[in-house]
Amino acid sequence: MSVVVFGSINLDLVVEVPHLPIKGETVIGNRFFTATGGKAANQAVAVAKLGIPVYSVGRVGNDSFGQVLLENLKFAGVDTSGVTIDPNTHSGVASIVVDNRGDNAIACAAGANSQIREQELSEFQRLLPQAKVVLFELGIPLPTVMEALKIAKDSDCTIILDPAPVQSRLPDELYQMVDIITPNEIEASQLVGFTVDGITTARQAASFLHQMGVKIVIITLGSKGAFFSSEEESFWAKPINVKVLDTVAAGDAFNGAFAVALAEGKSLREAMLWGNVAGALTVTKQGAQPSLPDRESFFQLLAEQEESD
Ligand code: ADP
């Protein structure tokens, strides 16, 4: 009942500044910190924190950042035997400046993530027989994702794709190989070509994505919860009322918990509740991976929700 997560692993280098620099300006910052990230790494940590076996497939650079990223995944409980080390390229990084109003400017260099190809595909093939659920995202080369999907679709596992970072035109073939797609409102809007901003438009977007060939569409709606649609049924999973501090990684928490629920044999309806619970807990805390819920707080809120239903 394990989960395999295939995709990007990154380190954020964050400088807090009084104001964002303009062209040519040097601004003296107040604080610097690094934060481990990458959508796939976040989702792997989200799964690990809920206590089920999870394998990461990806690539880091042969640099100190790569070591930090690997150690961090291992510390969280993620199996990193499927993460390769690139001898020629740096680890994926995002250089971020944030001002005291929370506005930011970000420059990313995908580095090792952009070199994910045959080697990782063979790691993926090795790990696949153990997987009940596979999570994909798009922070790595699309042709590699397509190849991995082809490999995964002949197995018994459930294939989930978080289509982020979003690309407006994805190959038709991709939609047909995915069991479940999980865009947020912005990603859904880009994929379908009209604004998705609530349940009515989510329903229309889901119908578009079904026509493209995806069996199950889940559109996460931020503070409005999430919308589920399959060929058999559609429903709104209402949000859980919490005090919001920072919404970073809410979608990763949702995907991670949703995947864990399916790996544990829960129904799709239950899995939606699991996703909503994990997303809600994440927005009550600061940061990406540090805000992902642990087992104890997750199952406590889940039990409260199940009682109140
Ligand atoms: P992303 O982080 O990918 O943009 P969303 O913002 O849609 O994704 O959030 C993912 C999920 O996290 C939502 O479907 C919901 O379950 C939960 N969530 C996000 N924001 C809130 C909020 N303000 N209150 C309660 N739950 C939230």
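Trainee: How many disulfides does the count come to here?

Mentor: A disulfide is a covalent bond between the sulfur atoms of two cysteines. In this structure the count comes to zero disulfides. Keep in mind that this is a predicted model.

Trainee: Then how do I read a single cysteine? Is Cys 108 buried or exposed?

Mentor: Look at relative accessible area. Under 20% is buried, and over 50% is exposed. Cys 108 has 64% relative accessibility, so Cys 108 counts as exposed. Now take Cys 157. Its relative accessibility is 7%, so Cys 157 counts as buried.

Trainee: On to the ligand. Which residues come nearest to it?

Mentor: There are 17 residues around the ligand. Those that come nearest are Thr 220, Gly 222, Gly 225, Gly 251 and Asn 276.

Trainee: How do the shell residues divide into nonpolar, polar and charged?

Mentor: Sort them by residue type. Nine in the shell are nonpolar and eight are polar. No charged residue is in the shell.

Trainee: What is the distance from a ligand oxygen to the side chain of Asn 276?

Mentor: For a polar contact, look for N or O atoms within 3.5 Å. An oxygen of the ligand lies 2.5 Å from a side-chain N or O atom of Asn 276. With Asn 184, a ligand oxygen is 2.9 Å from an N or O atom of the side chain. Gly 251 uses its backbone: one of its polar backbone atoms is 2.8 Å from a ligand oxygen.

Trainee: How much of the ligand does the protein bury?

Mentor: Start with the ligand taken alone. It then exposes 550 Å², and the protein buries 86% of that.

Trainee: Which elements give two or more residues to the shell?

Mentor: Two helices do: H8 (250-263) and H9 (268-282).

Trainee: Let me try a residue in H8. Where does Asn 255 sit, and what does it touch?

Mentor: Asn 255 is in helix H8. Its relative accessibility is 2%, so Asn 255 counts as buried. Next, skip residues up to four places away in sequence. Asn 255 then touches Gln 43, Leu 135, Ile 160, Asp 162 and Thr 182. Asn 255 and Asn 42 are 213 residues apart along the chain, yet their C-alpha atoms are separated by 9.8 Å.

Trainee: Now a loop. Is Gln 289 buried or exposed?

Mentor: Gln 289 lies in the loop between H9 and helix H10 (295-308). Its relative accessible area is 6%, so Gln 289 is buried. Beyond its neighbours within four places in sequence, Gln 289 is in contact with several residues, among them Thr 36, Gly 37, Ala 41 and Asn 72.

Methods: Residues are numbered from 1 along each chain as its sequence is written. This is a predicted model: local features need pLDDT of at least 70, side-chain atom pairs count only at pLDDT 80 or more; totals for chains, interfaces and linings use all residues. Side-chain values use heavy atoms; hydrogens and water are left out. A residue is near a molecule or strand if one of its heavy atoms lies within 4 Å of it. A polar contact is a pair of N or O atoms within 3.5 Å; within protein, one must be able to donate a hydrogen and the other to accept it, and residues adjacent in sequence count only if both atoms are side-chain atoms. Accessible areas come from the Shrake-Rupley method with a 1.4 Å probe; for residues, only the protein chains shown count as cover. Helices (H or I, at least four residues) and strands (E, at least two) are DSSP runs, numbered from the N terminus. Ala, Val, Leu, Ile, Met, Phe, Trp, Tyr, Cys and Pro count as nonpolar, Asp, Glu, Lys and Arg as charged, and the others, Gly among them, as polar. A disulfide is a pair of cysteine sulfur atoms within 2.5 Å. Buried means under 20% relative accessible area, exposed over 50%, partly exposed in between (1.4 Å probe, protein chains only). Contact means heavy atoms within 4.5 Å.
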